[in-house]
Amino acid sequence: MVVGNFSPLFDASASLQAQELKSAMEEVLPKRAEYSCRKTKSIAVVSGKGGVGKSNFALNLALLLGDKFDKPTTLLDADIGMANLDVLLGLNARLNLSHVLNGDLKLRDVILPISKRVWFLPGGSGISRLNEVDWEMCPDWIDEISMFDERVDIIIADTGAGISRDVLFFAMASDTIILVTTPEPTALKDAYGLLKSLIVLYGRQTLLEKELLFVVNMARSKQEAFAAADRLMKVSAKFLNIKPRYIGYLPFDIRVADAVKSKCPIVKMHPKSPIVRSMEVIARRILGSSEGDVSETFAKHNLSLGVFQRLFQRLKGV
Ligand SMILES: Nc1ncnc2c1ncn2[C@@H]1O[C@H](COP(=O)(O)OP(=O)(O)O)[C@@H](O)[C@H]1O
Ligand SMILES: [Mg+2]
C-alpha cells in the first residue's frame, strides 16, 4: 500500500508510518535477488545556490524513475536541518532521519512508500549538522541498512544549499553527482564554487572518479540553457580541469510553483507537460549512462557494500 495520495491533509502518524512500511517493505518490493543484474546507484543532487529547483527536480526524478522506468528508488531528504521534501509531498512526516541519527528510531520506522516503487526517507530538523550525530547511539545501523540495500536500485539524496561539509559529504558518498543550476550568472558561479570546494576538500582525482552530470533548470529557451551549459563546461575545464556532463534542461514553467502550492509533484499533476517530458529525457540519460559506468565505478572502488552501507559508513567516518 502506498502512503499518501499527495493530499495536503495527509498526516503520517507514528504507527501508520511503521505499519505501512512493514506491509509495503515485505510485500510490495521484491528482494533484489529476484531481479537480474541490478546494482544500486546513488545520486546526490547539489547546486551551491539555493532556490534553483533541486528539491523539485530530485522529487520528480525519483517518481519518474520508480513509476515510469520501474526502478525501485529511495529519495532521501539530505538537507540536514532544513528538510522540506515532505512539504512538497503534502506529508507531515514527523518521524524522520533526525530520530534515526539520534538513535531513537530505526530506518524502518521512518521510511515511507510514496509510490509503488518509490520510498521516501524524510530529513530532520532536529539536528543541524551531521557532526552532531552520536554514532554510538545507532549500533544496529548496519543490519538495518542492508535490508534497504537489498530492495532499491537507486537512492537520490536531495541536499541543501551552500557548500557546507554536509553537502560536500553527500556528494562524495554518492556514485553520481547531479549539479542543478539555472542560467543566472549567480547560480553558475555557485555551481562552479561547489565543484571547486569538492576538489579542495576531497581532491581532484576523487571527483574524477565520480559520474559528474549537470542540469540547467528554469531555462527560458533551449538556446539559453545551452549557453549556460557551455559556460559552466568551459570554466570547469579551464580552471578546474574537470568536465561535468550536460544532460539536459528544464524549461521555466509557472506550473512548478502551482504544484508546490498544491503539494502535488508536477509529474503527477501534469504528466504530459513539456517540463515532465524534459525530465523524462534527463532520467533516460541518467539510466543510460549508468548501465555501463556504474559497473566500472563498482569495480574501481570494490563497492561490494550496498549504497546505504557505504553512505552510513562514510557518515560514521569508518
Ligand atoms: N522549472 C521551474 N520553473 C519554474 N519554477 C521553478 C522551476 N523549478 C523550480 N521552481 C521554483 O523554484 C523554487 C525553488 O525550488 P526548490 O526545488 O525548492 O529549490 P532548491 O531545492 O534548490 O532550494 C520553488 O518555488 C519552485 O516553484
Ligand atoms: Mg531544496
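**Exercise 1. Determine where Asp 158 is found and what surrounds it.**

Asp 158 is found in strand S5 (residues 154-159), where strands (E, at least two residues) and helices (H or I, at least four) are DSSP runs numbered from the N terminus. The model is predicted: local features need pLDDT of at least 70 and side-chain atom pairs count only at pLDDT 80 or more, while totals for chains, interfaces and linings use all residues. Residues are numbered from 1 along each chain as its sequence is written, chains are lettered from A and ligands numbered from 1 in the order in which they are written, and side-chain values use heavy atoms, with hydrogens and water left out.

Step 1. With a relative accessible area of 0%, Asp 158 is buried (buried is under 20%, exposed over 50%, partly exposed in between; 1.4 Å probe, protein chains only).

Step 2. Not counting residues up to four places away in sequence, Asp 158 touches Val 45, Lys 54, Ser 55, Ala 58, Leu 76, Asp 77, Ala 78, Asp 79 and Leu 85; contact means heavy atoms within 4.5 Å.

Step 3. Lys 54 lies 104 residues from Asp 158 along the chain, yet their C-alpha atoms are separated by 6.8 Å.

**Exercise 2. Describe the packing of helix H8 against helix H10.**

Step 1. The axes of H8 (residues 185-202) and H10 (residues 222-240) come within 10 Å and cross at roughly 30°. Axes are lines fitted to C-alpha atoms, for helices over the stretch in contact, and angles run from 0 to 180 degrees between N-to-C directions.

Step 2. H8 and H10 are therefore roughly parallel to each other (under 35 degrees; over 145 is roughly antiparallel, 65 to 115 roughly perpendicular, the rest oblique).

Step 3. From H8, Pro 185, Leu 188, Ala 191, Tyr 192, Leu 195, Lys 196 and Ile 199 meet residues of H10 including Ala 228, Arg 231, Leu 232 and Phe 239.

**Exercise 3. Classify the aromatic pairs formed by Phe 169 with Phe 170 and by Phe 226 with Tyr 246.**

Step 1. The structure holds 3 aromatic pairs (ring centres of Phe, Tyr and Trp, its six-membered ring, within 6.5 Å; planes under 30 degrees apart are stacked, over 60 edge-to-face, the rest tilted).

Step 2. Phe 169 and Phe 170 are edge-to-face, at 5.2 Å centre to centre and 70° between the planes. Phe 169 is buried at 10% relative accessible area, and Phe 170 is buried at 2%.

Step 3. Phe 226 and Tyr 246 have ring centres 5.9 Å apart and planes at 90°, so this pair is edge-to-face. Phe 226 lies in H10 and Tyr 246 in strand S8 (residues 245-251), so the pair ties together parts 20 residues apart in sequence.
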